Amino acid sequence: MARAPEKPHSKVKAERRVLSPDEAWAEKIRERILGDCHPWQRMAVEDPSSRVSFLVGRGGAKTTSMRARAAIKLTSIRNAEILYLATTKGHAKKLNWEMLQAMNEHYGLELRFKESELTARCKRTGGVITMGGMDDDSDIEQHRGYPLNELQLDEAASHEKTRVDKLIDVIVGPRLGERKGCVVIGGTPGGDLSGEFYDATRPGSPYHAPYADRDKPGCEPRYWSSHAWTAAQVVALPNADKLYPAIVANWAEALLRKAKKGWSDDNPIWMREYLGLWAADFTGRVFQYRPDRHQWNPHGEFPLDGVQGLKAAIAALHAMGIKDLHFVMAADGGHNDPFALTMLAFSPTDQQRRTWHVMSFEKAGMYYRPEAELIAGAESIDRMLKGGTLEPLGGVLGVTGWPDASVMDTDGAAIAELKNVYGLAFKKADREANSKKGSIELVNGEFHEDRLFILKDSPLETQLTQLQWKEDINGRLKEDPRQANHSTDTLVYGRREISILFESGAVTADAPGTSSAPAAYADPQGLDGPGIGTDREFDGLLAGVDFVDAWGNG
């Protein structure tokens, strides 16, 4: 059968196909780039996973590895789209722009550069790389809706964590599939041990698996495929001084700096910046909280708030065999700031003297009645206001019963209102500067001994990882007032109350199977009413209603 004449538009399509990537040319470039990589770097460049992470100390060629991945894709994939982001657009240009131009000359990538837009396009394939920053949400919003072959996020520990989540999960993630694209995040570890980058790279994380172990028995692929190496490892390779001179020079300078500064091997700056190891900088952070040791998650994949989260946490402790639970309630009743409520649980028969954070709540715009309804339940508060009694309880107390102690950081008027109107008595938190500092030291001691456990993804956990010391004009350290500390305050005051309960004898570490609740627990609130006594009020431990702390806060 005779073949029909070729149509004009078919000829055009055929001509376009001629312009498709020269596979031999692209393969030659790929071989040259990979040949110049050290072994760990080569695995990072070749990794075909959809989520790839790098954890590398300074001078270890982490950004060079991202650039190598980009070059291979630009020259081998028609119309590839690569997006490279650093902290700012200027930072991206400084890290990558001139180096990519040098790479273009060295390997013959056939890139054409447009500096005004920070883009480079491969003439032969049409592939383009765009460089930018992440100063604010508007920087990442401009990339919404564009399918990518690869998103590269450099210096990942230096970005605002919620913006990283938004970029990956909301802006870029939904359209990665159509190009079989991937996300690459890399950087030097920071002092904040939390967030996507931390989960994607820290040893023991359930969210990543080392790519180097992919063929080992029992090593299952996970959400992130991770890569980590140090300059010291590269320097130890044969002929490293000739093959990788820049890395060798960087490592020599690092050793000189370590000696000059007198850093020990476990100095957090040395560990993070040069060894590429996660290490909290406890000299700057107020709290020595480490998620890998002090985080617990009784909620599963989806965090639960309020009373539902409290029920799940208590059920998890019961499942662990810890059933004789006692509770301390701590609140921060700011007027313009969010209201924070924290519930802490402990067991007098627990020989390890552990404390579990079982509920975290923060919300702005609260006033006395909704606060009371959260604590005791709307029906109970309504009944109380009509002249009845609080019990039966709802809300938080409907789950825990009356706590062993209740403390609140607020003014005397709020303390009186909650007690006299709503039947909820709180001890006023002692905000004197030295007392609070001592209470922070108590909390850090509990973290050091691995006896205090914080709910994953709670407002309290966020504040524990972010709050920094700030030096005042007199050289004294105090919490940075620009950072939220509503929930961390509740932890400090609540954990102190647990110590007071043990020290006063109100709670004793009884042997398992014996009662640990003395008769005085008939009314831990200390209110007047049927069956309620006042013999457990710790008047000697209360700050006066007119108390003003060292910073003028009443």
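Is C122 buried or exposed? The first point takes this up.

1. C122 counts as buried, at 1% relative accessibility. Buried denotes under 20% relative accessible area, exposed over 50%, and partly exposed the range in between, with a 1.4 Å probe and protein chains only. C37, with a relative accessible area of 10%, is buried as well. The disulfide count comes to 0, a disulfide being a pair of cysteine sulfur atoms within 2.5 Å.

2. On provenance: this is a predicted model, in which local features need pLDDT of at least 70 and side-chain atom pairs count only at pLDDT 80 or more, while totals for chains, interfaces and linings use all residues. Residues are numbered from 1 along each chain as its sequence is written, and side-chain values use heavy atoms, with hydrogens and water left out.

3. The protein chain has an average pLDDT (the predictor's confidence in each residue, from 0 to 100) of 83, and 83% of the residues score at least 70. Residues 15-19 have a pLDDT below 50, and this stretch makes 3 contacts beyond near neighbours in sequence; a contact means heavy atoms within 4.5 Å. The pLDDT is also below 50 over residues 511-554, a stretch with 72 contacts beyond near neighbours in sequence.

4. An open sheet of mixed pairing is formed by 7 strands, in the order β10-β16-β13-β12-β11-β14-β15. Strands are DSSP runs of E of at least two residues, and helices runs of H or I of at least four, numbered from the N terminus; two strands pair if DSSP finds at least two bridges between them. Strands β13 (residues 355-363) and β16 (residues 452-455) run parallel and are joined by 2 bridges. W356 stands opposite F453 in β16.

5. Two helices lie across strands of this sheet. Helix α14 (residues 306-319) lies across β10, β11, β12 and β13, at about 175° to β13. Helix α20 (residues 459-466) lies across β10, β13 and β16, at about 95° to β13. Axes are lines fitted to C-alpha atoms, for helices over the stretch in contact, and angles run from 0 to 180 degrees between N-to-C directions.

6. The largest nonpolar core has 46 residues, and I33, I129 and M131 have the most contacts inside it. Such a core is a set of buried Ala, Val, Leu, Ile, Met, Phe, Trp, Tyr and Cys residues joined through side-chain atoms within 4.5 Å. Helix α4 (residues 62-76) supplies the largest share of this core, 6 residues. Another core, of 36 residues, lies apart from it and includes I322, F339, M359 and M366.
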